[in-house]
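Hello,

Please find below the sequence and structure we talked about handing over. My notes on it follow.

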Protein chains: 2
Amino acid sequence: MYNSESIKILDTLKKDLINLKGGTIFKIGDVSVNVTGRDGLGGLIEEWFGVWAKKNKFKIKNPKDLGKSQEFPDYYIGGDNFLLEIKSFDTDRSPNFDLANFESYCDSLAKTPSRIESDYLIFGYKLDGDKLSITNIWLKKIWEISCPSDRYPLKTQVKRDVIYNIRPATWYSENPRYKTFKNKDEFVDALFKTQQLYKGKNNKDLYLLNITA
Amino acid sequence: MYNSESIKILDTLKKDLINLKGGTIFKIGDVSVNVTGRDGLGGLIEEWFGVWAKKNKFKIKNPKDLGKSQEFPDYYIGGDNFLLEIKSFDTDRSPNFDLANFESYCDSLAKTPSRIESDYLIFGYKLDGDKLSITNIWLKKIWEISCPSDRYPLKTQVKRDVIYNIRPATWYSENPRYKTFKNKDEFVDALFKTQQLYKGKNNKDLYLLNITA
């Protein structure tokens, strides 16, 4: 189910987990700061991962280096340009990253149904002052890290009645309030049911047309 | 008008402007990255500034170190805990930082009118690959860096009819579409007129009550 290159990447990272410690040094002029803030840490881990993967001889490409404006994915991996997304969160808190922009995802899934097969490589970290440790790493499909919610069939970030992003489940929890979806179809169904409730129409027909085309 | 400590800080920084170059190094395990992304750069500059100011013996306090949950300000300066906000933007683009959350600002100005006297220290930077240079620094009051807009008397960030943040003017432009406000009163008037248009009511009376109290 997961791309074989993703699985190799996960194995290599997990074997080295004990050594995955570090941090951020920010310098201007003669003043250096060991950074304690966590703003932008997700972007740093994503950029670090690309360098790490190349150094470890994995087949990886950054869409930005191919001159593509980048909505998705974070990286292409393997010989067949498989889609890989990099996410991260502080394991002392609940996962709060954006899986994807809700409306963009509905549109792109209808037009490019293969996006649903993207691998998600997720870094769990702790930040103790300025000391960063990677504490866990997961390889997941989107339906394994998403779930329903009180308000919509798919858990999303909603502010003042506007849906912004698809938000993750606490997939590793033993007794979560909402369990993750059992399979791809359950996720797609929840996605388009949410779009139907939200917009009064959805992209399901277009999606079905494109997966059977 | 500006706090005397702010003026000294501005002078010291501007005299050293040619040397204000640096960047971000992010390391996990044995892989270091010279960071090229700009996510979180505003937070890094803000954190760096606090360390720089202490090293240069300016009177500065971080509200976080005083155990305050931090809505504003970024720093207290001088002997009388004057409010100092730190902002930054890429000078190859237009300023796009948030001056403040719109609704929080309306509420806090009504309750704590002295907030309007806050100094804003603004860092203009360029990021060339992983090489960061501070190219300009300004010291401003909020009415000197805000302006009207097509939609509202005060320029704000509006998404799907929801106002999120107060957004800056291009205050240094010679021929801007909208000029900055002439004085504090023009800004306050635009702020509460915008709130009136947006919510059908405003905090102007509460503000006036508190500035005359």
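Strand E1 (residues 21-28) of chain A pairs with E1(B) in the antiparallel sense over 7 bridges. Strands here are DSSP runs (E, at least two residues), helices likewise (H or I, at least four), both numbered from the N terminus, and two strands pair if DSSP finds at least two bridges between them. Within this pairing, Ile28(A) stands opposite Gly22(B) in E1(B).

This is a predicted model, in which local features need pLDDT of at least 70 and side-chain atom pairs count only at pLDDT 80 or more, while totals for chains, interfaces and linings use all residues. Residues are numbered from 1 along each chain as its sequence is written, chains are lettered from A and ligands numbered from 1 in the order written, and side-chain values use heavy atoms, with hydrogens and water left out.

On the interface: 38 residues of chain B and 37 residues of chain A are in contact (heavy atoms within 4.5 Å). The two chains bury about 3,000 Å² between them, 63% of it on carbon and sulfur atoms; this is accessible area (1.4 Å probe) lost on being put together, summed over both parts. Salt bridges between chain B and chain A number 0 (side-chain nitrogen of Lys or Arg within 4 Å of a carboxyl oxygen of Asp or Glu).

Chain A itself has 5 helices and 10 strands. Its C-alpha atoms fill a box of roughly 55 × 40 × 35 Å, taken along the principal axes.

Regards
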